[in-house]
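Colleague: Could you open the model so that we can go through it together? I have a few questions about how the chains meet and how they are built.

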Amino acid sequence: MSTATDASLDALRAEAMEWGRKPRANGTFYVAEHIVRAMRAYGWTIVVGALGQPILYLLGLALGLAALITVPITDASGMSVSYVTFVAPALLMTAAIQVATEEFSYPVVDGFKWRRFFFGFSASPISPGQITTGVLLGASARVLVAVAGYYLFIWLFGLVFQPAPLVTPETGWIAILVGVLGGWAFGAPLMAYAASIEEDKGQFALVQRFIFMPMFLFSGTFYPLDSLPIWLAWIGWISPLWHATELGRTFLYGRPTEPFAIVVHIAYLVLLSVVGYVLARRHFARRLAK
Amino acid sequence: MTTTVETSAHLRSGGVRALYAGNPGAVVQRGLVAARSSSWVVVLSGFFEPVFYLASFGIGLGVLIGDVQTSTGVEVPYAAFIAPALLAVSAMNGAIYDSTWNVFFKMNYGKLYEGMLATSLGPLDVALGEIVYALLRGLVYASGFLVIMQVWGLNLSWTAILALPAVLLIAFGFASLGMAVTSYMKVFQQMDLINFVLLPMFLFSATFYPITVYPEWVQAIVQALPLWHGVELVRGLTTGALYPGMLWHVLYYVVMIGVGLIFTTKRLRALFLG
């Protein structure tokens, strides 16, 4: 009698293990899928933002200021380009980081605190590490869409408004990848921070105003970084936006850049991404164990 | 006995009396008390946004651009050109933020206005009170920014001090209209629409460069929008290039305030007292 019970218990356990195997193996993608599907709730905001922002910023800032700045801009390598050409890569990278800022802030707090769906994932065979990676991938999908849209737009914009194309097609597409990397470099540390927030006291408003804004304004976005005095220029040196923008200028309009500088920019962005990711994983694991 | 009946009948018999109890101060006071419990760092941080823009564009782009001609033909340094515009923009942003996001949450989640309107306060008291509270905050930001302009030598005339009442006028206009628009919003994703209206206005309203760079028909659109009038008004005052046409800018805002107030009061009455 007892042996029969044991056997059926074993059978049940085996069956449970079998059912758990798939989510165990593919958990990361299930989580990413959830994040992307949840975006449909504000899908039109994404589309309008992805299309509207580049159009407005390029027409408003780049073309308007270009009317005042008629002399070519001399960038860090000594190459002279028109003002619009100079600004376009920076605006693309800004868009990547801005979308990352949106996706890696409140939605993460949401998953832990308000709608608590991360605890739901955690109650299934999906591990905290998979949840972290899944959230990262899901959000990255939106960054990718935003950057690719921006890329296509400035490509067309260059064809229509510029005598010379804004984008060098052979290497230009690499800027899309750099955009995603730039998004991670700012987004992954932000995700780690968001995962540690227990009480919403307007922290993200402060991040927006005291980190994102200065980074956007002092990263050589609208003029070469060396126009700034040294006491402001350091903001650019440590900001992922400046490193991403420098890479963007290299790949988008083919600015000559030392291979060493390319390696340094990429290494810095990778470093920020990895440190942010590792910290985020730790915060996720700790908080989901509570 | 008869007198009491008469008085109360008189107090509540339609017209302005039904809308206004003469006590918007109570709503302002409530705002100030509530502000004490919210994070002051977040409130204070709103002041820094125009300062960062001024530092970045004034220092970095100033080198590339040099002097710029204002609409009255005066040549001013680039930083002195954008500073008054940023002042007008921050008045707009502050007023819109307070009268849309804050009001939206109080209206739909806090159910604050239902409570207020259940007292002797009328919809016009609530509208005026909320707007005056938003103006107080705007006044603090604007004063701080004007001090910074003074320190950096960007106030080119004594008339710059008149920028303070001008900023209040601008904020009043946006706040009264913003509150009316908010009363139509049902879910908070719709609030993104507001940004979608503000961003192009911010970028195109002669903020960073004179609007003469545009073709005529674009200029006409820009000139129809409220921010351009605010920018021109404040720029005239801080650069000291006064001209009689500035009264049109003032009139624009007076009309906007009137329309906004009537609109908001009607909406509040329809929503809560209907």
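Colleague: Let me start with one residue: is R209(A) buried, partly exposed or exposed?

Modeller: R209(A) counts as partly exposed because its relative accessibility is 24%, where buried means under 20% relative accessible area, exposed means over 50% and partly exposed lies in between, with a 1.4 Å probe and protein chains only. Before we go on, please keep in mind that this is a predicted model, in which local features need pLDDT of at least 70 and side-chain atom pairs count only at pLDDT 80 or more, while totals for chains, interfaces and linings use all residues. Residues are numbered from 1 along each chain as its sequence is written, chains are lettered from A and ligands numbered from 1 in the order in which they are written, and side-chain values use heavy atoms, with hydrogens and water left out.

Colleague: Which side chain does R209(A) meet in a salt bridge?

Modeller: The partner is E49(B), at 3.3 Å from N to O, and a salt bridge here is a side-chain nitrogen of Lys or Arg within 4 Å of a carboxyl oxygen of Asp or Glu. E49(B) is partly exposed because its relative accessibility is 23%.

Colleague: And how many salt bridges does the rule find across the interface of chain B and chain A?

Modeller: The rule finds one salt bridge there, together with four residue pairs in polar contact, both residues being at pLDDT 80 or more. A polar contact is a pair of N or O atoms within 3.5 Å; within protein, one must be able to donate a hydrogen and the other to accept it, and residues adjacent in sequence count only if both atoms are side-chain atoms.

Colleague: Which elements of chain B give two or more residues to the side that touches chain A?

Modeller: They are helix 4 (40-45), helix 5 (48-65) and helix 10 (192-204) of chain B, where helices (H or I, at least four residues) and strands (E, at least two) are DSSP runs numbered from the N terminus. Helix 5 of chain B gives the most, with twelve residues. By class, that side of chain B has 23 nonpolar, six polar and two charged residues; Ala, Val, Leu, Ile, Met, Phe, Trp, Tyr, Cys and Pro count as nonpolar, Asp, Glu, Lys and Arg as charged, and the others, Gly among them, as polar.

Colleague: What area is buried between chain B and chain A?

Modeller: About 2,900 Å² is buried, and carbon and sulfur atoms give 82% of it; buried area is the accessible area (1.4 Å probe) that two parts lose on being put together, summed over both. F52(B), L64(B) and Y209(B) supply 18% of the area that chain B buries against chain A, more than any other three residues. In terms of contact, meaning heavy atoms within 4.5 Å, 31 residues of chain B touch 35 residues of chain A.

Colleague: Changing topic, how many salt bridges are there over all chains?

Modeller: A search of the whole structure finds twelve. One of them joins E18(A) and R21(A) at 2.9 Å, N to O, and both residues lie in helix 1 (residues 2-38) of chain A, three residues apart, or about one turn of the helix.

Colleague: Are E246(A) and R249(A) buried or exposed?

Modeller: Both E246(A) and R249(A) are buried, and they form a salt bridge whose closest N and O atoms are 3.3 Å apart. Because they are three residues apart in helix 11 (residues 240-252) of chain A, about one helical turn separates them. Elsewhere, E102(A), E103(A) and R142(A) are linked in a network of salt bridges.

Colleague: How many helices and strands are there in chain A?

Modeller: Chain A has twelve helices and two strands, and its C-alpha trace spans about 90 × 40 × 40 Å along its principal axes. Buried residues make up 50% of the 290 residues in chain A.

Colleague: Which residues of chain A does UniProt list as "transmembrane region"?

Modeller: The unreviewed UniProt entry lists several spans, including 143-161 and 216-239 of chain A; positions are given in the numbering used here, feature names are shortened, and annotations may be inferred rather than shown by experiment. In the model, residues 143-161 of chain A are 100% helix and 0% strand, with end C-alpha atoms 26 Å apart. Residues 216-239 of chain A are 46% helix and 0% strand, and their end C-alpha atoms lie 9 Å apart.
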